[in-house]
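Here's a quick tour for anyone meeting this structure for the first time. We'll look at some backbone details and then at a pocket.

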Amino acid sequence: MVTGLLFSGQGAQRVGMGRSLYDNSATARALYDEANAVLGCDFKKICFEGPEEELTQTRVCQPALYVLGFTAARILAEKGKLTENRTALGLSLGELTALAVAGVFDFATGLRLVAARAELMQKACETTHGGMAALIGGDRATAEALARECDIDLANLNCPGQIVVSGEGENVVKATGLAKERGFKMAVPLKVAGAYHSRLMAQASSAYADVLKDATFHPPRWTVFTNVTGREVRAADEIKAALVQQIVSPVLWEDCQRAALALGVAEYYECGPGAVLAGFAKRIDKALVIKQACEWVDF
């Protein structure tokens, strides 16, 4: 069976995630202990015990999801479940996890890159007044027209019928109010710290280019698709440019998933809390099989 890996983005985090892996796997313990050393704090305690308010902070939850996703993939490999793996897909922050498990950089390097990204995005949130909302039931062209009308940006094109917009808070509120009369079933404001994947993240994007400049990247051993274009990336410079642009660009998740379908992937492991990506996948292709890989019982 040809398999693929799915890695969660910010918002999927929950207190306690990774604890069962840590308690049952020497590999997980080594990775979480290494994360503590790299980050210079009791990182695993925040993941396992909270408080939720701290775990939810951008600078914490992005590294937390990265470590969990990488750990889950490593355990799957140990269990012999990735012998026919062909691709690694990550939503937003998850794209860095996908690159790490595909061998573009090692665990510690990836964690430092994720931590720097998270810190820059947190600062951008604190110096702007952004918001986000999910548009349900419409199409891409209608969402683009509404975004232009309200002077905001498309942030996520997740699956048929779900598109997220992002931008100045008051403009997002305006879009939410107009959504039904513009053809959407509903618009749901999101509980987020800022306007991710929008022009309000420009300061984070430009600063992240400096972070990535001297990092050593290797060609991925599995196919990785960038959220920016929905197409495969392989060369180091190409990957770095995509990671910088991704911070201010819409996440073309549906495009990435459809590109992966062409590889013949029939079964995925979702390496993250909940089943958000499984839900998106099923709306893209009902025939896809998505297995969870987040708790020890999943293995």
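## A cis peptide bond

P51 sits in the loop that links α3 (43-49) and α4 (52-56). Keep in mind that this is a predicted model. The peptide bond running from G50 to P51 is cis, and its omega is near 10°. Most peptide bonds are trans, and most residues other than glycine have a negative phi.

## Two positive phi angles

That brings us to S92, which isn't a glycine and yet has a positive phi of about 60°. You'll find S92 in the loop between β2 (85-90) and α6 (94-101). Is S92 buried or exposed? Its relative accessible area is 9%, and since buried means under 20%, S92 counts as buried.

H197 is another non-glycine residue with a positive phi, this time near 55°. Look for H197 in the loop between β6 (186-189) and α10 (202-212). H197 is buried too, at 3% relative accessibility.

## The largest pocket

Now for the largest pocket, with a volume of about 740 Å³. Its lining is made up of 28 residues, and the ones nearest the centre are Q10, G11, A12, L190 and V192. Sorted by class, the lining has 13 nonpolar, 14 polar and one charged residues.

Which elements each supply at least two residues of that lining? They are the helices α7 (107-126) and α13 (276-284), along with the strands β3 (130-136), β4 (153-159) and β5 (162-168). The top contributor is α13, with three residues.

How values were computed: Residues numbered from 1 in each chain as written. Predicted model: local features only at pLDDT ≥ 70, side-chain atom pairs only at ≥ 80, totals over all residues. Heavy atoms only, no water. 1 Å grid on protein atoms, 1.4 Å probe; cavity = no way out; pocket = protein on both sides within 12 Å on 5 of 7 lines; lining within 4 Å. Points joined across faces, edges and corners; volume = space filled by probe spheres on them. Helix = DSSP H or I, 4+ residues; strand = E, 2+ residues; numbered from the N terminus. Nonpolar A, V, L, I, M, F, W, Y, C, P; charged D, E, K, R; others polar. Buried < 20%, exposed > 50% of the residue type's maximum accessible area, 1.4 Å probe, protein only.
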